[in-house]
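Dear colleague,

I am handing over the structure below for your review.

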Amino acid sequence: MFAENRVPRRVVITGLGCVTPIGIGKDEFWAALKSGKSGISRIESFDTSEASVKIAGEIKNFDWESQLNPKDKKHVPRTVPLALAAARQALADANIDPSNLSLEERRRFGVSIGTGGGGLAFTEQQYIYWLRGEAQKASVYTIASSTHGTLSSELSMVFKLHGVSHVISTGCTSSTDALAYASWHIALGKQDFMIAGGVDAPLALGILKGFELMNVLACDWNEDPARASRPFDKKRSGMVLGEGSWIFVLESLESAISRKAKVYAEVLGYGSTCDAYHRVRLEENGVEPARAMMLALQDAGVSADEIDYINLHGTSTRLNDRIETKAIKIAFGKRAYEIPMSATKSQIGHPQGASGAAGVAATLLALNENIIPPTINLEEPDEECDLDYVPQRAREHKVRLALCNCIGFGSKNSALILGKV
């Protein structure tokens, strides 16, 4: 399939866009992360009277209609305008205007998006219209827009990009996998540019109730939402759902240098494994998440001793936090106790398939400012969670190489290594 003598191109990230519960745009997102701001609040987008959980990392004050033609509002899921807004930011940040590209250049410009739920909330709303006898409110594109693939299709159509247009859906690891997939296309010379990242908007009553059935949500913090997401803390009682979009522009290092583009980081390595154990639970021994991290280190050609920061999956569930801690100890040995690490979800909640992209965004900004964002609400660490999670306050720390860790439903594990150029 690939020429045996082809030398892979070095792949870098030159654009970053964010639409998040703690800020719109990379500057607001980063300022909020550094200050320890929580984006968890009472849900306003739908009636939660039938749910036990009434809080989430919900994006407020987002003018999503400005991202689309008004007539399209009823035809696409919320994930589409979230992705479009973040992609526009990323393209502007990379100083790329797709409308100025030739047809051949646009044929070598692809899209790779990770999502867990895609249009699931949209589908739920369409079915509600039918069940209530309000078919006139439903979209003629119900089926097309309910599929995950609509995300990359909409981005490709809006920006007139004719390269690959793919969506990766592997649960919580989706956007980490999508970034690796995009990186491969550039490294192997199949594409010159990629819009890549993750988006999810799993805030709907049916989805909330589904997570409640699994007993994985924090149900006892409705009156104090800002303290609900508390990874590695002894009082953690479950995760908090979140939504958001984190999109990047990827290109070869050679291209970035020739364009005089700002380079956030190089994508150095990737590893992925599966516990092959359970639909939602992790295997207790932590071996496969550890192996994913070790594979990423091997792929990057770096040692555990060289990693300066780990962005954690850190869901705030008792099982996940404990096993992730164990996996890091397996992968890094004694070095695990020396590496500062933090959980972005403590501030934004759990954006499902966009988790990896959220962590990558936080890591890119940490690399560029040598500041590690905190794990907020970590007041009393669990005895089995005894690593340096940078509790409560951001920390100045030299960061040259970082690992982003993700663990997903179906026992999937993915890790990405990023480094300064």
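To begin with the charged side chains, a network of salt bridges links Asp224, Arg227, Arg230, Asp233 and Glu379. A salt bridge here is a side-chain nitrogen of Lys or Arg within 4 Å of a carboxyl oxygen of Asp or Glu. The count by this rule is 30 salt bridges.

Please note that this is a predicted model, in which local features need pLDDT of at least 70 and side-chain atom pairs count only at pLDDT 80 or more, while totals for chains, interfaces and linings use all residues. Residues are numbered from 1 along each chain as its sequence is written, and side-chain values use heavy atoms, with hydrogens and water left out.

One of the salt bridges joins Glu243 and Arg78, at 3.0 Å from N to O. Glu243 lies in the loop between α8 (205-213) and β8 (244-252), and Arg78 in the loop between β4 (55-56) and α2 (79-93), so this pair ties together parts that are 165 residues apart in sequence. Helices (H or I, at least four residues) and strands (E, at least two) are DSSP runs, numbered from the N terminus. Glu243 is buried at 2% relative accessibility, whereas Arg78 is partly exposed at 30%. For these terms, buried means under 20% relative accessible area, exposed over 50%, and partly exposed in between (1.4 Å probe, protein chains only).

A further salt bridge, between Glu212 and Lys209, has an N to O distance of 3.6 Å. These two residues are three apart in helix α8, and are therefore separated by about one helical turn. Glu212 is buried, with a relative accessible area of 13%, and Lys209 is partly exposed, with 33%. Arg395 and Asp388 also meet in a salt bridge, at 2.7 Å from N to O; Arg395 is partly exposed, at 30%.

Yours sincerely
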